[in-house]
Amino acid sequence: MGAEPGPGVRIGVDDWAAEAAQRTRAREGPFGQLRATLDRVGPGWWLALMVVVVAALPVLGASQFLIRVAINALLFALLALGLNVIVGEAGLLDLGYIAFYGFGAYCYALLSSNQFHLHWPSELTILLVTVATGCLGLLLGLPSRRLLGDYLAIVTLFFGQIFVQLATNLDRFQPPWASKPLNVTGGPNGIFGVDPIRIGPVHLISQEDYLYLLLGLLTVAVVALHRLVGSRTGRAWRALREDATAAELAGIPVRRLKLFAFAVGGAIAGLSGTAFAAVQLGVFPSNFDLTLLIMIYAAVVLGGAGSLPGVLLGAAVISVLPEVLRDPDHGRLLFYGVLLVLLLARVRPWWRPIALLAGTVALGFLIRLVAEALWPTAVTAAGAGSDALGRALGAWVAVPTKPVAIGNAAFVLLVAALLLLTRLRPAVRTFALVPVVWLAAFVWESRLAGEPSVTRQLLVGAILVVMMNARPHGLLGRPRVEVL
Amino acid sequence: MPVLLELEGVAKRFGGLSVISDLDLHVDEGEVLSVIGPNGAGKTTLFNLITGVYRPDAGAIRLDGRSLVGLEPHAVTRLGVARTFQTVRLFLNMTVKENVMAAAYGHTRARPWQSVLRTPAARREEREVVELAERQLAFFGSRLTGYRHHQPAYSLSYANRRRLEIARAMATRPRILLLDEPAAGMNPAETHEMTELIGRLRDQGGYTILVIEHDMNVVAGVSDRVIALDHGTKISEGPFQRVASDPRVIEAYLGLRAERT
C-alpha cells in the first residue's frame, strides 16, 4: 500500500499482519489513545449511551420541536435497520423497500380510523401489521430467487411505485360485488383522523410518549438484530451476499434465506410504518415517495452497510443534520468549523495552517480597506449574522451592499478556484489557499447566509460528499473487497 | 469396501453439445479417486452434476444408495457431499473463522427466534460451531490458526485460500469431498504439501475423496484409483500407472497417434 513495512514484518508474507501493525502504530499519541479507548467500549455501552441521551431529552426540557426531530430520527433509524438487513447483510438491492413502510402505515391507519369505522386494539393491530408486512416481504422477495443486482433493483423499484399508485388511486375501487365504488385508501388526500396508539388502558398522546415508545422499539430491534446477525442466520446472509453459489454448495438454502431477509426487513419497516401513522395521526401517499427511499439508502450507505452502529449513526446524521441547519447561525458555525478542521487536519506541518489563517485574516482586512477607500458606498458596515460571530465575520469579510450579483459571481469564481486548486503543486497550493479561503468566507457571508433554505441543502450535500470521501466504506463500515 | 458414491449411465448435454454421455462411476468408501482428462473433458461438469448444480438428462446418481438427482445443491451438501471450486470461491469479506462457521449451517438447528432470545440450546450450538471451525482450521497446522482466525478471507495468500476452501468444505460434515484442481496455481512446495494434505484428509479425516487434478505428480501421489475422461466418456480406469500408460489417455492428452488410412 505504498507505506513501508514496519519492523518485524516480512515483505510479501502477510499483508494483513503489516496492516494490523500499522494500525497499532496509528494508536499512538493523544488522538490515537482516545480512539483506542473508544474502540474498547463495547457495543452495549454505546447503545446504553444512545438510550440515555434520547430518554433524557424531555427531562432536560427539550422543546417540542427537538422532540419531534428525535422522533423522526428514531423512526428513520428503525427504517434504516430494516433496510440494512436486506441490503447490508443479504446484499439484495431492494428499491421497493418503501412499500413495506407504506403498507404498514396504511394497514394501521385502515384498522384504527373511521375509514372503515374500525378501531382495533393497538397492540393487536401493530402485531398483525408487522407480521403481515413480513409476509408481504416474502412475496416481494420472490423475484430475488432468480434476479440479482440491478435486475432485482428494477423489479423491486416497480413494486415500490405500484404501492404509491395503489395508495393514490384506491379511493374509487369498484369491487364486482358492490354497487358503488369503495374508498379504500382515501386517494391523494390519504387517511386522517388515525387513532393514537393505546396499549391496554394507556393512551399514548403526547410527543414524549411516542419518543419513549419508539426508543423502546428501536432498542429491542437493535438487540434482536445484533443477535440475529451474529447467529448462523446472519452468517448465512453474509455468505450468500459474498457468493451465492458457494453458499448454496456449502449447505446454505440460499433462496429461503433471501426470502427470510426480505421478511425481516419488511416486518421492521411495517412496524415503523404503524408508529409513523400513529405519530402523524394520518397517512398520505406523498409520505412514501422515492425521496424517502433515497434518504434511507443514504443513511445505510453513509453509516456503513452491514454495521448496526454505523446504520444508526448514518440515520442520525441524515435525519438530524438538515434540522440543525435550519438555523443559519448553526450553519455558519458548521461551515467555518468544517473549514477549520479540514485545514488543521489536511495542511501539514502545524505552522502552515496557522500561517494560512493569519494570511487570510490579513487579506480580508486589506480587501476591506481597499474596498472602502475605492467605493465607500459599496460595503455594508456590519455582516448579515445575528450573533456575535456572524457580525464579526461579516464585518471582516466586507459584505457588499448588492450581495446577489457579486455573490453569484464570487460563487462561480470559488468553484473554479477549487477546481484549479486540485491541479496545483502542494507547495504552491498552501499559498493559493489563502485567497480561496477568503473567497469561501465571502461567498458564505454575502450570498449563502442570506438564504438558509438553499444553503441548508448545499451544506448537507457537501457534508455527505466530504464524509463519503473521507470514509468510502461508510462512517463505521468495514472496507469491502470485491474481487482480488 | 462398500460403494459410497455411484453414477450410472449419467448423461448431460448443453444444447447440441454432449458434455457427459453414459458415464458409469463409483467411489468406494475411504478411497481417493482421481479424475483426469484434457480441458473440456467434462470433469467440472461431473462435479456440478453430483452436487446438484446441474440436473442430469439421464442416469442415476446415488450417495450410499440414496438418489441425489433433482435435489437442490444445499440438500446434496447436507447429505454429505462437499466440494471446492476450480476458481477459489470464498466469502471474501468474512473472517477466516466465519467462512468455516457459515458452512455449518446445514447441520445446525437454531431457529432465528432462538438465536434472538439466546436460548440455552442456541448458545450450546453456537459454541459447538466455534469449536468445529477451530478444529477444522487446526487441521492445516499453523497456516490458518491464531491471529488468522480473525482476518478477512481476502487477505489470505492464494495457497491459504485453497486451504480455507477445503476447511469450509470439511465444516459441512461431508462423507465425500470433491476437490476441483486443489493444486492449480501452486508452486512445487505448496503442491507437495497439498498432496500430503489429501492423504491426511483420507487417513486422519476419514473422508472419501474425489479429486480433479492436472498435476500428474499429485495424481500419482494421492490416488488409490484413477479414471480418465475425454469428451464426456470414460476412456480408462485403474491404478495410476496403468491409466497413465494407457494409449487412449496419451492420445487424448497429446493426440500422438499417427493417422493411418
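Reader: What is the mean pLDDT of chain A?
Author: This is a predicted model, and pLDDT is the predictor's confidence in each residue, from 0 to 100. In chain A, 92% of the residues reach 70 or more. The mean pLDDT of chain A is 87.

Reader: Over which residues of chain A is the pLDDT below 50?
Author: That stretch has ten contacts in the model, beyond near neighbours in sequence. The residues with a pLDDT below 50 are 1-13 of chain A.

Reader: Okay, on to chain B. What is the strand order in the open sheet of six strands?
Author: The pairing in this sheet of chain B is mixed. From one strand to the next, the twist averages 20°. Reading across, the order is E6-E7-E8-E3-E9-E10.

Reader: Which strands of chain B stand at the edges, and why is one side of each left without a neighbour?
Author: Each edge strand has a single partner strand, so one of its sides has no neighbour in the sheet. One of those pairings is parallel, joining E6(B) to strand E7 (residues 176-180) of chain B over three bridges, with Ala82(B) bridged to Leu177(B). The strands at the edges are E6 (81-83) and E10 of chain B.

Reader: How many bridges join E9(B) to E10(B)?
Author: Strand E9 covers residues 225-230 of chain B, while E10 covers residues 233-238, and the two run antiparallel. One facing pair is Leu229(B) and Lys234(B). The number of bridges between E9(B) and E10(B) is five.

Reader: And in E9(B), which residue is the bridge partner of Ile36(B)?
Author: Strand E3 (residues 32-36) of chain B runs parallel to E9(B), and four bridges join them. Within E9(B), the partner of Ile36(B) is Ala228(B).

Reader: What about the hairpin of E1(B) and E2(B): which residue in the turn has a positive phi?
Author: Strand E1 (residues 3-14) and strand E2 (residues 17-28) of chain B pair antiparallel over eight bridges, with Leu5(B) opposite Val27(B). There are two residues between the strands, and the phi in the turn is about 60°. The residue is Gly15(B).

Reader: Asp22(B) has a positive phi too. What is its value?
Author: Asp22(B) sits in strand E2 of chain B. It counts as partly exposed because 14 other C-beta atoms lie within 10 Å. Asp22(B) is not a glycine, yet its phi is positive, at about 45°.

Reader: Is Glu181(B) buried or exposed?
Author: Glu181(B) lies in the loop between E7 and helix H7 (188-203) of chain B, and its phi is near 50°. The cut-off for a buried residue is 20 or more other C-beta atoms within 10 Å. Glu181(B) has 20 of them, so it is buried.

Reader: Last one: is Leu92(A) buried or exposed?
Author: Leu92(A) lies in the loop between helix H4 (64-89) and helix H5 (97-111) of chain A. Among the residues it touches are Ser144(A), Leu152(A) and Lys258(A). With 25 other C-beta atoms within 10 Å, Leu92(A) is buried.

Key. Residues numbered from 1 in each chain as written. Chains lettered and ligands numbered in written order. Predicted model: local features only at pLDDT ≥ 70, side-chain atom pairs only at ≥ 80, totals over all residues. Pairing = 2+ DSSP bridges. Contact = placed C-beta atoms within 7 Å. Axes fitted to C-alpha atoms, helices over the stretch in contact; angles between N-to-C directions. Buried ≥ 20, exposed ≤ 12 C-beta atoms within 10 Å, placed from the backbone. Lists of a residue's contacts leave out its neighbours within four places in sequence.
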